[in-house]
Amino acid sequence: MRSRRAVLGLGLSLGLTGCLGAVPFRPRAYDEAVRVEAVDVTFTREGSGALTLKLQVKNPSSDAATLVRVDFDLRVDGRRLATGEQVLGVPVDGDGEVPLEVRFPLAVARGGGRPEGGSHGVRVQGGVVLRFGGSERRAPFQDARSLDIAWLPGGESSPAP
């Protein structure tokens with residue numbers, strides 16, 4: 001009986017000291033950590049473009065973290081137009097929430113686009129990577145909406161250098 005109490009006491013003290021803070025008790029906590037607030041996609045005839053994402057990121061852990069990168073996959077009307085990532089260094093308190101706006105410059109081949117004014121189905125999938133000391137966890141996000149895009153590239157584009 002005495003050893004049982006000791007094990008129970010040890011388990012409680014470990015839980016209270018935050019040793020398990022980087023792994024939330026809710027299994028799907030990271031699946032719900034990022035909310036897409038806004039998406040904007042533009043392309044020009046000169047071969048430039050931009051994807052702008054406004055995200056709300058919640059740290060589902062009681063431990064402080066750093067947002068180290070955001071990755072994305074952009075599809076318009078079902079066609080993949082761009083993929084990429086951006087390195088960050090944004091601190092987030094334990095159980096904290098931060099607004100995050102990231103702009104991905106996009107480059108397309110000159111003359112590779114065509115005027116296609118009107119509404120287009122835009123789908124963005126990706127993730128925000130949170131670093132807790134030496135470990136990292138990816139919090140995924142996705143969003144689908146219709147946007148007015150005046151000019152579309154002809155093929156797959158890539159992040160601008």
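Here are a few questions and answers about this predicted model.

Residues are numbered from 1 along each chain as its sequence is written, and side-chain values use heavy atoms, leaving out hydrogens and water. As the model is predicted, local features need pLDDT of at least 70 and side-chain atom pairs count only at pLDDT 80 or more, while totals for chains, interfaces and linings use all residues.

Me: Is T52 buried or exposed?
Reply: T52 sits in strand β2, which covers residues 48-58. Its relative accessible area is 15%. Buried means under 20%, exposed over 50% and partly exposed in between, with a 1.4 Å probe and protein chains only, so T52 is buried.

Me: Which residues is T52 in contact with, leaving aside its neighbours within four places in sequence?
Reply: Contact here means heavy atoms within 4.5 Å. With those neighbours set aside, the partners of T52 are A38, V39, D40, E101, V102 and R103.

Me: What separates the C-alpha atoms of V68 and V128?
Reply: Good one to check in your viewer. V68 belongs to strand β3, residues 65-76, and is buried at 7% relative accessibility. V68 and V128 lie 60 residues apart along the chain, and their C-alpha atoms are separated by 7.7 Å.

Definitions and conventions. Helix = DSSP H or I, 4+ residues; strand = E, 2+ residues; numbered from the N terminus.
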